[in-house]
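User: Hey, could you walk me through this one? I'm new to reading structures.
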Amino acid sequence: MSVDVPRRIVLLRHAKADWPQVADHERPLADRGRNDAPLAGRRIAEAGLTPELTLCSTALRTRETWKLVVHELPHRPKTVYEERLYDAPVGQLIEVINETADDVTDLLVVGHNPGMHGLADALAGEADEGAREWMERGAFPTSAFAVVTFNGSWKSVEIGCGRLASFWAPHE
């Protein structure tokens, strides 16, 4: 496959988590999160986004979010649970994305804030009308996702390489 093909990255923040007396990595979803995650999955499917690969943080709340989202998609993508996504800064997120095989055209990343918001903002050298304002207006709430498009190899993903094509958040 040519490395100069159009590609999409869906950046999904985990659904609303609960705050029980457990380590942060083991926080489960709250009731609202269990309700919102399937909504995000349906919206991803309705938007025609078809990830071939999902990279998901190993935190309990991201894994639970992904399990609820994926049931709403028409096809189940390959899933890799990646501990480097947990609480990762933008540079580390880009490094993980750079490792994606070039036969993948659509990638979904399930992660945390501030990383997901920071990555969407950093990758978006351009933005479709309204997409950046929408994201900034509501920040990047739980269960929200941004879609960034770019042309090239996954190894070429870097700050400013893409276009923020869309943004969706529940309750907005």
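This is a predicted model: local features need pLDDT of at least 70, side-chain atom pairs count only at pLDDT 80 or more; totals for chains, interfaces and linings use all residues.

User: Where does serine 143 lie?
Analyst: Serine 143 lies in the loop between helix 5 (131–137) and strand 6. Helices (H or I, at least four residues) and strands (E, at least two) are DSSP runs, numbered from the N terminus. Serine 143 also has a positive phi, near 70 degrees, and is a residue other than glycine.

User: And aspartate 87, is that buried or exposed?
Analyst: Aspartate 87 counts as exposed, because its relative accessibility is 56%. Its phi is positive too, about 55 degrees, although aspartate 87 is not a glycine. You'll find aspartate 87 in the loop between strand 3 (78–81) and helix 3.

User: New topic: which residues line the largest cavity?
Analyst: Aspartate 87 turns up again there, along with Leu85, Ala88, Leu93, His112, Asn113, Pro114 and Gly115. On a 1 Å grid over the protein atoms alone, a cavity is a set of points where a 1.4 Å probe fits but cannot get out; a pocket is an open set with protein on both sides within 12 Å along at least five of seven lines; and lining residues have an atom within 4 Å of a point. The largest cavity holds about 30 Å³ of space. For volumes, grid points are joined across faces, edges and corners, and the volume is the space filled by probe spheres set on the points.

User: What joins asparagine 113 and proline 114?
Analyst: A cis peptide bond, with omega at about 10 degrees. Proline 114 sits in the loop between strand 4 and helix 4.

User: OK, and what's the volume of the largest pocket?
Analyst: About 220 Å³. The largest pocket has 14 lining residues, and Arg13, His14, Trp19, Arg27 and Arg61 lie nearest its centre.

User: Which residues touch the most other members of the largest nonpolar core?
Analyst: Those are Ile9, Leu11, Ile97, Val109 and Trp154, out of 29 residues in the largest nonpolar core. A nonpolar core is a set of buried Ala, Val, Leu, Ile, Met, Phe, Trp, Tyr and Cys residues joined through side-chain atoms within 4.5 Å. Apart from this core lies another one of 18 residues, among them Ala40, Leu49, Cys56 and Trp66.

User: What is leucine 11 in contact with?
Analyst: Leaving aside neighbours within four places in sequence, leucine 11 is in contact with residues including Val109, Met116, Leu119 and Phe140. Contact means heavy atoms within 4.5 Å.

User: Last one: how many aromatic pairs are there?
Analyst: A search of the whole structure finds 3. In one of them, phenylalanine 150 and tryptophan 154 are edge-to-face, 5.2 Å centre to centre with 75 degrees between the planes. Rings of Phe, Tyr and Trp (its six-membered ring) pair if their centres lie within 6.5 Å; planes under 30 degrees apart count as stacked, over 60 as edge-to-face and the rest as tilted. Both phenylalanine 150 and tryptophan 154 are buried.

Key. Residues are numbered from 1 along each chain as its sequence is written. Side-chain values use heavy atoms; hydrogens and water are left out. Buried means under 20% relative accessible area, exposed over 50%, partly exposed in between (1.4 Å probe, protein chains only).
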